[in-house]
Amino acid sequence: WSCYCGMRPCRGADVEQPRGALRLRVPWGGRRLQAPSPGRVQADGAQVEIVFGLQVTGTQPLVGVSEAQPYQFLSTFMLEDPWAQRSALRLCSQFPDGTAGGRRVPGALDLRVARWQCWLNDFAGWLKATQGIDYPVRQTPNLRFHDLVWAFRAWPGSWSSGVSEAVWFAHDGRVRAFFSRAVLAIPQDAGQDVASATRRDWDAHFDAFNATARASVRGAWHTSGLWVRAESERVIRQSTGESLGIAACCVLLCVLLFTRSVVLSLCVILMTTGVVIGLFFHMMVIMGWKFGAVEVLSLIIFAGFAVDYNLHVAHAYHFCRVCLASETADDEGRRSGQASHAGRGSSDGGAVAVRRFSMVASDNVHEAPLKPMGSDAQDGRRSHPSVERFERSRFSLQRMGGPILASAATTMGCAAFLFACTLQLFKDIGSVIIGVTAYSVVFSLLVLPALLMVGGPRNRHHLAVPRLLRNLLNHWVQDSDDEDDEAAGIIGAPRPESARRFVLHTPASGVAACGQRDAPKRTRVIAFG
C-alpha cells in the first residue's frame, strides 16, 4: 500500500488503508501575466485544495525525484473532537467575499470562491437523514466518529462527496487527514497580479484560523496550481531585468577586451539592446505570445547571439587604419561655382576653388596604396574627422558585410527546418532564431555603421584605455624607482624638478611614413656630485 501527495509515492508507517488521493497539480492554461478577460465562465476556474492533518516536510528538486519523505501526518490532528469537526466544516464551507450586509468593505478579505466541495457537509446531512444524529458527533462508548465516517464512505451515495479520495484512514480506522476543494471565480490562467492578491487573502484567512483554532485541528493549509504559477512568474519577472543586466555587463567587458575602446563597446551594447528589444517585439506583438519562462529564456540566451554581428563590424572598424589622405580640387564643384558666379554677374569672373578631402582605410598597411602624407594632408585629416569615420565605416561594411549576410542566410535556412517539427516548442525556437538573426543583420549593417559615421572613435582613440593603463603603470614604476634610489643612497637629498634630465631617442623611420614604426623612447639620466 502507498499514498500519493503530488510529489512521489511514499510509504506510510502506520497507514493500513490509505484512501487519500491529494494531487498538487498545475492546471493546463499556458503562461499568463495579463489581467483575466471579462466574461469568463467559472467552469475553468482555478482550484484550491484545503488540507487538514498533513505537514509538508520535503521539497521537490528542479531535476529528478526527491528521496526525502514529502509529508507526514500531524500527531495532534483529532477530528473526533466536536470542536475540530465544527471548525473544519466552517473553514471548508464559509469563505469571506469582502462584503458585509451586501456592501463591499474596503480592505476586507475576498477569497473569490465560486463553489466548493466538502465531504463533511454531505456527511452531516447523511448523519441526520440516516442515523438521526446531529453534527458534530459526540463520541460515546457505543458511538465512534471514525466508524461513522467509514460507514459513510461505504454508502453508495457518498461517491459524489469525494470522501473516497479525500480521506486518509489509519490501520485502526481513524481519520488521519483529509482535504476539500474550492473552485475560484477567477480562471486558471489569471494574471500574476490577480493571483498574488488572491493568494495573500487566502494566507491571511488561514493564518487567522490557525491562530485561534484548537490544537486538534490546527495546522490547516491550502495549495493551488495557480499559486505555483503565479509565484514562478513573479520570480521570472523579477529576475529577467537582473539577468539581462548581468548579460549586458559581460558583453561590455568582452567587447572592451577585444576592441580596447570604450566608445565601440558602448556602441555594441546599444545595438545589442536594440536587438533584444526587437526580439521582444517579435515575440509579444508579431507572434502574439504571452510573457513566460520560454520567452524570458529566449531573451537571455539569444542576447549573446545578438552580439556577434555587431562585434564583427566594430572589430573591423577598430583594426582598420587611414593609409592615404589627399586633398584634390573638385572639378564639378568648380564648374558649378563658375556657373553661379556667371549667373550673379560677377565682375571678376573667377572660379570658386572647391577642395575635396579623401582618405583610404585598410587593415593591412602593406597592401594599401601608401603615399606619404604631407603636413597639409595631416592637418586636413585632423580637421575632417567625419571623412575618417566614413571611410572606416565603409571599410568595415565592405570587409564584414558579405560574411554577415552569408552567416545569416545559413542560420535562417537551418532554423527554417524547425517549422516542420511536431512539437510547438521547436517551432517557437525556430521563430526566435530567425527573428534575432534578422534584427541582428539590420542593426549591424544599417544602424551600427550609421552610428559609427556620426560619432565613432577616430584613428587612435582605441588606444585610450591601454594608454591610461600604461600611464598608471609607468607612474607606479617611476615611484618605485625613486624609492629604490633613495634606499640605495644614490640620492642624498631631495632633487628639484630641474635636476632631472632625459635623453630622447627618436624613431628611425620618417615622421610622415605610414605603417608601424618604433615609438619614441627616453632614457633618464641622473647627475649628482
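Mentor: Let's start with a term: helices (H or I, at least four residues) and strands (E, at least two) are DSSP runs, numbered from the N terminus. This is a predicted model, where local features need pLDDT of at least 70, side-chain atom pairs count only at pLDDT 80 or more, and totals for chains, interfaces and linings use all residues. Residues are numbered from 1 along each chain as its sequence is written, and side-chain values use heavy atoms, leaving out hydrogens and water.

Trainee: Where is L111 placed?

Mentor: Look in the loop between strand 7 (103-104) and strand 8 (113-117).

Trainee: Is L111 buried or exposed?

Mentor: Buried means under 20% relative accessible area, exposed over 50%, and partly exposed in between (1.4 Å probe, protein chains only). L111 has a relative accessible area of 0%, so L111 is buried.

Trainee: Which residues does L111 touch?

Mentor: Contact means heavy atoms within 4.5 Å. Leaving aside residues up to four places away in sequence, L111 touches F95, P96, L184, T198, D201, W202 and H205.

Trainee: Which residues touch the most other members of the largest nonpolar core?

Mentor: A nonpolar core is a set of buried Ala, Val, Leu, Ile, Met, Phe, Trp, Tyr and Cys residues joined through side-chain atoms within 4.5 Å. Here the largest has 57 residues, and F52, W119, F123, F178 and W202 touch the most other members. Strand 10 (residues 175-187) gives the most to this core, with seven residues. There's also a second, separate core of 38 residues, with A314 among them.

Trainee: Which residues are buried in helix 9?

Mentor: A314 is one of them, along with V307, Y309, N310, V313, A316, Y317 and H318.
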